[in-house]
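Hello,

Here is the structure I promised to pass on. Have a look at it first, and my notes follow below.

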Amino acid sequence: MNKDRLELLRAIQRYDFALKDLHLYLDTHPDCARALEYFHKYNQLRADAYAEYAEKYGPITAEQVKSKTRWTWVNDPWPWERSDNF
């Protein structure tokens, strides 16, 4: 796997982890404006990273399929099935 692709996948993993952690924190501290600000920041970073990955390497989630004529999600192995991911 090329270095840029691996870095992007790892960034997505970091953003997902940060969002889960912030989600749990906000469940117990719903009025914490700073945590909510971080949540929105990392949510946008995650969305941008997912979009960049889909544009460069294909969809990372089924919801990113753009084709109106064919279900392209099945064209390539899923990201976690590629033997050269790690």
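Does Gln64 count as buried or exposed? Gln64 counts as buried because its relative accessibility is 14% (buried means under 20% relative accessible area, exposed over 50%, partly exposed in between, with a 1.4 Å probe and protein chains only).

Before the rest, a word on the source: this is a predicted model, where local features need pLDDT of at least 70, side-chain atom pairs count only at pLDDT 80 or more, and totals for chains, interfaces and linings use all residues. Residues are numbered from 1 along each chain as its sequence is written, and side-chain values use heavy atoms, with hydrogens and water left out.

Gln64 sits in the segment after α2 (helices are DSSP runs of H or I, at least four residues, numbered from the N terminus). Its side chain reaches the backbone oxygen of Tyr50 at 3.0 Å. Leaving out residues up to four places away in sequence, Gln64 touches Tyr50, Ala51, Ala54 and Pro59 (contact means heavy atoms within 4.5 Å).

Now the core. The largest nonpolar core has 10 residues, among them Leu8, Ile12, Tyr53 and Ile60 (such a core is a set of buried Ala, Val, Leu, Ile, Met, Phe, Trp, Tyr and Cys residues joined through side-chain atoms within 4.5 Å). Both α1 (3-28) and α2 (33-57) supply at least two residues each, and α1 gives the most, with five. Apart from neighbours within four places in sequence, Ile12 contacts Ala49, Tyr50, Tyr53 and Ile60.

The buried residues of α1 pack against α2; they include Arg5, Ala18 and Leu26.

Best wishes

Terms used. Polar contact = N/O pair within 3.5 Å; in protein donor to acceptor, adjacent residues only side chain to side chain.
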